[in-house]
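Welcome! Take a moment to look over the sequence and the fold, and then we will walk through a few of the features together.

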Amino acid sequence: MPFTLAPLPYDSAALEPHIDAQTMLIHHGKHHQAYVTNLNAALESQLTLQNLPIEGLIADLTKVSDATRTAVRNNGGGHYNHTLFWELMTPGGAREPAGALAAEIDAGFGSGWAWLVRDKSGKLAIESTPNQDSPVMDGKHVVLGCDVWEHAYYLKYQNRRADYLAAWWNVLNWTVAGERSKA
Ligand code: MN
């Protein structure tokens, strides 16, 4: 089999209580496995494509036969995305970005606001604004916004902005966001 399902990089129960073991077992062992199985089936008669790294395969789907392109898109994408997803989680987490990435994130998403908006065409988009700028100033409709200024979290969370953001989801009023979303 050209593409194979790698074992999870940690025990299926290792992300408890945030992600439960049964979900991990089914998500990895059934869903991800199905993407791999279906990808291999779709590439059965395309030998040269079977030896590509998965990222190389899905980065250029023009190489894939017309008859199998949708199957390779769905299952190759599913294989690549899920492999990345398992690697991006770790028991206990690593809750603050570090090093150069942290600096870039701070520069790009520094103090200010994070938004879920509808743009002028009605499409949902995620964006951030500095200072007290609002997407409304650009003619967009705000569905929800989170204050990511230090004053919103410093007393309790100090520099642990990620902890503040994780906690904020627990108090977000999705009913209000849902109503705003329709407007
Ligand atoms: Mn999934």
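Predicted model: local features only at pLDDT ≥ 70, side-chain atom pairs only at ≥ 80, totals over all residues.

How many bridges join strand β1 to β3? There are 6 bridges between strand β1 (residues 112–118) and β3, and the two run antiparallel; strands, like helices, are DSSP runs numbered from the N terminus (helices H or I, at least four residues; strands E, at least two).

Residues are numbered from 1 along each chain as its sequence is written, and side-chain values use heavy atoms, with hydrogens and water left out.

**The sheet**

An open sheet is formed by 3 strands in the order β2-β1-β3, with antiparallel pairing (two strands pair if DSSP finds at least two bridges between them). Because β2 (124–130) and β3 (141–147) stand at the edges with a single partner strand each, one side of each is left without a neighbour in the sheet. From one strand to the next, the twist averages 25 degrees.

**The metal site**

His-27 (NE2) and His-82 (NE2) coordinate the manganese ion at 2.2 Å; donors are N, O and S atoms within 2.8 Å of the metal (3.2 Å for Na, K and Ca), and water is not among the atoms, so sites may look incomplete. His-27 lies in helix α1 and His-82 in helix α4, so the pair ties together parts that are 55 residues apart in sequence.

| Residue | Relative accessibility | Class |
|---|---|---|
| His-27 | 23% | partly exposed |
| His-82 | 13% | buried |

Here buried means under 20% relative accessible area, exposed over 50%, and partly exposed in between (1.4 Å probe, protein chains only).

Methods:
Axes fitted to C-alpha atoms, helices over the stretch in contact; angles between N-to-C directions.
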